[in-house]
Amino acid sequence: MLSWPNFLAQTFNGLVLGALLALLSSGLTIIYGTLGVLNLAHGAMFMVGGYAGVVAYQYTGSYLVAVAAGAGFVLLLGIAMEQIVIRHFYDRPDEDQILVTFGLGIVYVEVVRFLFGSLSQSMPPPSWAAGITSLGFMIYPTYRLAVVGIVALALLVLYLVLYRSRLGMIVRAGIEDSVMVDSLGINIMRVFMVVFGIGSMAAGFAGIVNVPIAPITPDIGESILVEAFVVVVIGGVGSFPGAILGGLIAGEILSLTSMIDPSYSQVMLFAVMTLVLMLRPHGLLGSQGRA
Amino acid sequence: MTGTKNILNANVSRRAALQGGAGVLAGALAPGELILSARAADNPALGTYPEGSSGPSVFVGISVPRTGTYAAAGEDLIKGYQLAIEHLNDGSELMQKISPNIKKGVLGKEVKYGIADSEAKPNTAVQNFGKFVSDNKAIMVTGSVSSAEAVANNKTADREKVIYLPGISGSNDTTGKDCARYSFRECFYGQTAAKALAPQLISTIGKNKKVAYLTPDYTYGHTVQKSMEEYLKDGGWTTATDQVSPLGTTDFSSYLLNVANSGADVVVNINFGRDAVLSVKQAKQFGILEKMTLAVPYNTPFLAKEVGADTMQGVLAATDYWWTLEEKFPLAKMFNDAFRAKYKSVPEWSANLAYMQIAMWADAIERAKSFYPPDVIKAYEAGAKVQSTVGEVYFRGADHQLVRPVVIERGKKPADMKGPDDYYEIVEVVPGAGLMQAPDAFGCKMGGYT
């Protein structure tokens with residue numbers, strides 16, 4: 001479907017697709033960059049955020065309450081997970097961390113499946129973002145446009161917390177030298193807990209914001225986790241700006257390739273990832289070691 | 001992120017075990033058992049025969065997706081299998097109405113079963129098959145929601161010499177180029193669905209329309225797309241675009257933008273399971289369904305329930321079974337009533353298919369009077385007619401395809417629905433015999449019996 005209107009439409013759509021991927025991936029990369037833990041339960045937490053939000057929506061009928069509940073529940077889940085399990089794995093080999101987070105992901109998926117079954121759950125967009133908007137060159141679902149704004153706002157808040165706040169300063173200092181931070185009287189373990197919670201919350205937030213676009217099922221996090229990893233690898237493992245750039249690139253690849261041959265869009269995504277790994281093994285904005 | 005589950009239906013109490021043990025002793029002395037033993041001695045060991053059928057019970061392996069894109073249909077299939085096996089072991093009235101040959105159990109033996117998650121992946125489905133054969137000495141394995149797993153297990157069945165009954169599988173290949181001596185399919189070819197649906201679409205929507213296809217990227221999607229294209233040509237319909245997406249796609253936006261910009265009049269959505277739900281919902285979000293008419297050549301179970309009657313109203317679809325057929329077919333009424341009593345909901349076509357597969361399998365074994373696989377296959381191939389929930393049906397010997405009607409349904413307006421589950425009106429029940437393609441139309445070449 002090569003035509004100018006379609007090219008413009010697909011380029012724009014790539015931006016929207018990329019925004020959600022960027023938000024999800026930023027949570028993954030913050031946790032890895034700070035704690036060195038590759039959280040394979042991140043996709044499951046995306047899904048849990050969606051379900052928690054849908055349940056809140058069913059009780060209140062409010063989109064805002066649903067988003068707050070989805071993000072808040074996964075924040076608490078993340079903190080609990082860090083306190084009970086993850087902190088015992090900071091000093092253990094990568095394989096152990098991968099296995100324990102993978103296992104927790106399965107537990108979350110199966111618990112949700114047990115509670116809600118396999119049929120999809122959904123939630124309509126809020127009334128102020130329902131319907132379709134004409135952009136002149138194309139018509140586009142209003143809610144998807146709103147998502148770009150919502151995600152941009154969330155990423156801005158994350159940026160301010162990580163780069164412009166005292167917490168962010170401690171986090172970055174902790175990455176450089178956690179013993180030194182500890183000896184300055186700062187409880188670095190508590191900071192790590194907060195970071196894990198915030199990273200998880202990003203997944204939960206993305207999960208519930210995505211529900212009006214794509215109804216959720218217990219295993220929706222699986223394929224999205226794979227895409228989030230690709231984004232993180234392209235952008236640079238552990239790099240927050242890298243996750244945003246990677247997300248946007250991935251969104252554009254998926255959208256623009258589909259214009260030429262839709263069956264190749266996933267292939268192209270992995271081909272570009274391979275190319276990036278060959279030319280810049282640490283990703284586009286990654287640096288050697290943890291960012 | 002999911003593991004294979006193998007839940008054996010083995011909640012046997014000590015009392016039941018003792019009773020079973022006593023049954024074996026008594027059975028060993030009974031004349032019928034002696035005849036069977038003699039028969040077993042006549043036939044050489046083959047697959048799980050005679051080991052799998054020498055005890056007081058026989059084992060059936062159920063391999064269906066319980067996770068992933070096709071999980072909802074998989075769970076509905078399980079409900080159908082469980083109800084059928086329960087009815088079979090009780091010798092229920094419905095089973096005997098389907099075929100008077102069916103007694104209690106199969107050849108007097110209780111049917112036990114195990115369930116494994118196939119994840120709709122061919123590799124996992126084949127592994128499940130292998131485990132059921134080696135660990136449980138299964139005499140039959142059944143189930144699929146993806147034709148990719150059905151085709152893979154067709155080959156496994158021929159190799160293992162154990163009968164396989166596909167669950168949902170709409171690809172032309174399943175009883176076409178990938179047909180198997182040990183496999184028997186209840187679903188019709190995608191081509192048959194297309195042949196029944198296309199004239200309805202042409203007469204309802206008009207001639208010379210442009211079509212956009214949404215096609216899942218595997219055997220089922222490609223064969224159904226080609227079939228629809230072929231029959232819609234008769235009305236001068238042409239293809240504007242074919243949007244092929246991988247199984248498990250969650251965001252269809254880029255495909256839908258291509259559709260929106262294609263100038264098509266009709267969207268034919270071949271996606272199945274959650275892919276169908278997501279693509280229809282997102283097509284609605286993109287305003288596509290206001291400009292283009294939606295048609296569904298192989299309706300996915302629970303589609304209307306998940307996307308809402310508002311979206312499905314007026315949509316023409318082909319399907320295997322819809323519960324309101326109970327107004328036309330007494331056996332459908334009996335089946336629906338039993339299903340409602342057990343599960344407190346109406347069955348989808350997946351549950352009906354599972355039930356019928358078990359019933360027709362039991363009928364074939366009773367007619368064969370033997371568990372020896374070639375005897376059972378020959379009984380199937382004899383093409384004996386059985387009464388189904390959609391009227392009289394029979395298996396064709398040449399390609400092991402069930403000759404059965406195709407049901408054309410149309411989504412009801414929400415205001416016309418008589419209850420929460422009354423999503424479709426039946427437009428037509430097209431008889432199978434005149435509709436179905438010839439057994440050699442898709443290159444079926446059967447393997448040997450032994």
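**Entry 1: α7 and α8 of chain B**

I started with α7(B) and α8(B), whose axes come within 8 Å and cross at roughly 40°. The axes here are lines fitted to C-alpha atoms, for helices over the stretch in contact, and angles run from 0 to 180 degrees between N-to-C directions. Helices (H or I, at least four residues) and strands (E, at least two) are DSSP runs, numbered from the N terminus. I noted the crossing of α7(B) and α8(B) as right-handed; a crossing gets that label if the near helix is turned clockwise from the far one by less than a right angle, and left-handed if anticlockwise.

Which residues make the contact? From α7(B) I listed B:G190, B:Q191, B:A194, B:K195, B:A198 and B:L201. On α8(B) they are B:Y220, B:T223, B:V224, B:S227, B:M228, B:Y231 and B:L232. Two residues are in contact if their C-beta atoms, placed from the backbone, lie within 7 Å. By class I have eight nonpolar, four polar and one charged in this contact. Ala, Val, Leu, Ile, Met, Phe, Trp, Tyr, Cys and Pro count as nonpolar, Asp, Glu, Lys and Arg as charged, and the others, Gly among them, as polar.

A reminder to myself: this is a predicted model, in which local features need pLDDT of at least 70 and side-chain atom pairs count only at pLDDT 80 or more, while totals for chains, interfaces and linings use all residues. Residues are numbered from 1 along each chain as its sequence is written, and chains are lettered from A and ligands numbered from 1 in the order in which they are written.

**Entry 2: the seven-stranded sheet of chain B**

Next I traced the open sheet of seven strands, with the order β7-β6-β8-β9-β10-β14-β15 (chain B) and mixed pairing. Two strands pair if DSSP finds at least two bridges between them. Which strands stand at the edges? They are β7 and β15 (424-430) of chain B, each with a single partner strand, so one side of each is left without a neighbour in the sheet. I read an average twist of 20° from one strand to the next.

At the β7 end, β6 (residues 210-216) of chain B pairs with β7(B) in the parallel sense over seven bridges. There I found B:L214 opposite B:Q243 in β7(B).

Both helices of my first entry turn up again here. Helix α7 (residues 190-205) of chain B packs on the sheet and touches β8 (266-269), β9 (293-296), β10 (316-319), β14 (406-411) and β15 of chain B; its direction makes about 160° with that of β10(B). Helix α8 (residues 219-232) of chain B lies across β6, β7 and β8 of chain B, at about 165° to β6(B).

**Entry 3: the three-stranded sheet of chain B**

I then looked at an open sheet of three strands, in the order β11-β12-β13 (chain B), with antiparallel pairing. Here β11 and β13 of chain B are at the edges with a single partner strand each, so one side of each has no neighbour in the sheet.

Strand β11 (residues 386-388) of chain B joins β12 (residues 391-395) of chain B over three bridges, and the two form a hairpin with two residues between them. B:S388 has B:G391 as its bridge partner in β12(B).

Two bridges join β12(B) to β13 (residues 402-403) of chain B. B:Y394 has B:V403 as its bridge partner, and B:F395 stands opposite B:L402. This hairpin has six residues between the strands, and I marked B:H400 for its positive phi near 60°.

**Entry 4: domains of chain B**

I took the bounds from an automatic or database domain assignment: domain 1 (6-188 + 328-403) and domain 2 (190-319 + 406-435) of chain B. Their centres, taken over C-alpha atoms, are 31 Å apart. The contact takes 22 residues from domain 1 of chain B and 27 residues from domain 2 of chain B. On the domain 1 side, α3, α6 (147-160) and α15 (349-368) of chain B each supply at least two residues.

**Entry 5: chain B against chain A**

How many residues meet across the chains? I have 33 residues of chain B in contact with 35 residues of chain A. On the chain B side, α3 (71-90), β7 (238-245), α9 (253-260) and α10 (273-285) each supply at least two residues. That side divides into 11 nonpolar, 16 polar and six charged.
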